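Subject: Structure handover

Hello,

Here is the structure for you to look over. My notes follow below it.

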Amino acid sequence: MEKIEKKRLDALRRVMAQQGIDCCIINSTDPHQSEIPAAHWRGREWMTGFKSENGTNGIAVVTKDRAYVWTDNRFFIQARQQLEGTGFEMMPLDGPEGVDLVEYIADMMPEDSVVAIDGMTFSSTDAEKMREAFEEAGLHFATDFPMFDYIWPDRPEQPLNRLFIHDEDIVGETVESKISRILTEVDKEGADAILISALDDIAWATNLRAAGDVVFSPMFLAYLYLDKEGSRILFINEKKLTEEVREFLKKYDIEIRGYDEVTRFAETLSPSSCVLIDPSLTSITIAEAIPTAIEGGKGVAKLKSVKNETMLAHWRTAMEKDGVALVKLFKWIDEEFPAGKLTEMSIARKLRECRLADPDCVDESFAAIVGWNSHGAIVHYEPSDETDVPVTGQGLLLIDSGGQYTHGTTDITRTVALGGEPTAEQKHDFTLVLKGMIALATATFPKGTRGAQLDILARRYLWNEGKAYYHGTGHGVGFFINCHEGPAQIRMNDIPVPLEPGMVMSDEPGLYIEGKYGIRCENMLAVEHWKNNEFGEFYRFRNLTLFPFDRNLIEWEIITPEEKRWLESYNKEIIERLSPLLDADEKKWLESKING
């Protein structure tokens with residue numbers, strides 16, 4: 001790819017010179033700030049060659065003579081490998097050597113330089129921070145440079161996948177109820193209307209989904225406008241609507257307008273109408289088009305993050321289906337491993353096959369991470385034809401995967417030993433990670449607790465030995481929407497959103513030894529009420545995931561009696577719930593993995 005990427009870099013620099021631009025900043029997302037955007041907006045990946053099916057977090061910066069890609073610690077190893085020879089160099093966003101992108105540009109560029117972005121792909125929050133820093137440094141900031149309109153001749157079209165209705169018997173709430181709750185939040189924030197840009201919020205609010213607009217997430221490209229006077233407008237390409245969906249929208253008095261009409265519509269709004277937007281999810285171009293915008297809007301994401309009892313009941317079904325798929329996969333791995341023909345890619349293909357054999361599984365929830373030995377140490381490693389390696393010899397296999405079931409989204413990581421007895425080092429490191437996962441899963445905490453206040457539970461056993469991981473410990477999980485969902489998170493940096501009953505979080509500590517192996521243990525947990533007493537209200541987690549941990553990797557000498565009881569109870573639940581769904585051979589295999 002070396003010559004191709006340098007050719008693209010040269011083309012961009014020619015356009016920059018023609019338009020008097022000295023520095024160009026290229027984002028990795030779309031006008032909705034999606035984690036994994038549709039192909040139409042994956043220009044930064046196209047430009048740099050730093051990419052994966054799951055998307056990569058990175059921002060490119062191009063000047064007349066230098067080119068960089070900033071990314072976070074999950075992608076350091078991958079970025080260094082993929083950027084080699086492309087003309088781009090990697091810059092760390094975080095970690096001990098993290099470099100602030102905006103400060104770096106402000107210091108690097110000469111006074112009066114013009115720094116430009118495509119304002120549709122940068123949030124209002126991020127763009128305003130840039131504007132303030134750059135103008136303070138004597139730089140000019142332009143938000144109207146859609147660079148890929150000039151240099152990407154075969155750019156993919158915007159997707160036109162058809163929408164379908166997510167059964168409201170599974171959802172447990174009508175669109176009317178959701179709109180009413182959204183407008184209550186709008187009123188609380190002193191606004192008259194709301195313009196929603198986040199695709200997951202729109203899918204949630206409308207009980208609609210689509211397969212293919214956003215890879216691995218059944219969302220669709222749209223904007224949603226609601227006001228207290230009764231206006232309900234969905235901005236969407238009409239080619240995406242079936243007659244059934246049109247009737248569904250009509251039932252809830254939702255008007256249809258073209259997807260590209262949203263900016264012009266925003267400009268026509270009355271200055272006396274206060275429109276609520278989430279500045280972190282609304283593009284600067286649209287935000288500036290609204291005459292009177294009120295920043296806030298986090299309430300919608302909060303509503304979405306708290307699942308009702310109907311959803312949680314259906315999630316049990318999704319987890320059982322997912323557990324069955326994983327039994328089939330890992331049984332197959334055990335049977336095929338001795339022949340020496342397994343590869344990371346063949347395992348990933350088999351995993352997809354096992355999940356999609358269930359008619360309720362629409363897609364994977366992300367491209368499976370299947371890392372053998374040293375590849376497992378690349379946190380977001382994604383096997384490809386170029387990187388695929390045989391899974392042979394002795395080592396650790398890390399598989400992080402999930403499914404998009406109509407009954408709920410799943411996300412699970414298991415690390416297993418293959419090819420003989422694991423080393424003492426492998427067992428010790430695995431057990432430290434497992435102990436951290438159990439510590440978080442068994443936590444009880446008072447109402448008002450935030451994820452950052454629990455994060456140390458998952459890290460403490462590693463920290464006690466001077467070991468660490470630097471990604472978050474837990475993220476919210478959507479209900480047949482995004483695998484990664486906000487606003488609550490469990491991580492070292494504080495996210496000021498308390499955990500509440502109904503939120504579903506991942507629990508995924510890990511350890512990564514570059515060049516050797518990676519370990520991660522991940523379950524999904526639902527926050528639930530525990531007790532009330534004179535000290536207040538207390539919550540706890542209820543486990544959702546159903547698949548055992550590799551007992552051959554556990555250093556039992558450092559497992560406490562409480563941890564052992566948790567594992568025994570967990571394994572008992574797995575047997576009770578999965579056994580009726582397995583054939584005799586699968587049931588026998590599962591019992592052997594649990595009982596030894």
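In what order do the 3 strands of the open sheet stand, and is their pairing parallel or antiparallel? The order is β16-β17-β20, and the pairing is antiparallel. Edge positions go to β16 (369–372) and β20 (412–418). Each has a single partner strand, so one side of each has no neighbour in the sheet. From one strand to the next, the twist averages 10°. Please keep in mind that this is a predicted model.

Some detail on that sheet. β16 and β17 (residues 395–401) are joined by 4 bridges and run antiparallel. Opposite Gly371 you will find Leu398 in β17.

Next, strand β3 (residues 67–71). 5 of its 5 residues are buried. In a regular strand, side chains alternate between the two faces of the sheet. Here both faces are covered. Ala67, Val69 and Thr71 are buried on one side. Tyr68 and Trp70 are buried on the other.

β3 has these pairings:

- With strand β2 (residues 59–63), β3 runs antiparallel, and 4 bridges join the two. Val61 stands opposite Tyr68.
- With strand β4 (residues 89–92), β3 pairs in the parallel sense, over 4 bridges. Thr71 stands opposite Pro92 in β4. The chain goes from β3 through helix α3 (residues 76–83) to β4, a right-handed β-α-β crossover.

Now the charged pairs. Side chains of opposite charge can pair when their charged atoms come close. The count of salt bridges comes to 42.

- Asp213 and Lys240 meet in a salt bridge at 2.6 Å, N to O. Asp213 lies in the loop between β9 (208–210) and β10 (223–227), and Lys240 in the loop between β11 (232–235) and α10 (243–251), so the pair ties together parts that are 27 residues apart in sequence. Asp213 has a relative accessible area of 2%, so it counts as buried. Lys240 is buried too, at 1% relative accessibility.
- Glu45 forms a salt bridge with Arg42, with the closest N and O atoms 3.1 Å apart. Both residues are buried.
- Lys467 forms a salt bridge with Glu465, and here the closest N and O atoms are 3.7 Å apart. Lys467 is partly exposed, with a relative accessible area of 24%. Glu465 is also partly exposed, at 38%.
- Glu128, Arg131 and Glu288 are linked in a network of salt bridges.

Last, the surface. Which residues make the nonpolar surface patch of about 400 Å²? They are Ile456, Trp463, Tyr470 and Met492. Tyr470 sits in the loop between α17 (455–463) and β22 (474–476).

Thr473 is found in the loop between α17 and β22 as well. Is Thr473 buried or exposed? Its relative accessible area is 0%, so Thr473 is buried. How far apart are Thr473 and Met492 in sequence and in space? They are 19 residues apart in sequence and 8.2 Å apart in space, C-alpha to C-alpha.

Over to you.

Best wishes

Note on methods. Residues are numbered from 1 along each chain as its sequence is written. This is a predicted model: local features need pLDDT of at least 70, side-chain atom pairs count only at pLDDT 80 or more; totals for chains, interfaces and linings use all residues. Side-chain values use heavy atoms; hydrogens and water are left out. Patches are made of residues with over 30% relative accessible area and no salt bridge: like charges are joined within 9 Å, nonpolar side chains (Val, Leu, Ile, Met, Phe, Trp, Tyr) within 5 Å. Accessible areas come from the Shrake-Rupley method with a 1.4 Å probe; for residues, only the protein chains shown count as cover. A salt bridge is a side-chain nitrogen of Lys or Arg within 4 Å of a carboxyl oxygen of Asp or Glu. Two strands pair if DSSP finds at least two bridges between them. Axes are lines fitted to C-alpha atoms, for helices over the stretch in contact, and angles run from 0 to 180 degrees between N-to-C directions. Buried means under 20% relative accessible area, exposed over 50%, partly exposed in between (1.4 Å probe, protein chains only). A crossover is right-handed if, with the strands pointing away from the viewer, the path from the first strand over the helix to the second runs clockwise.
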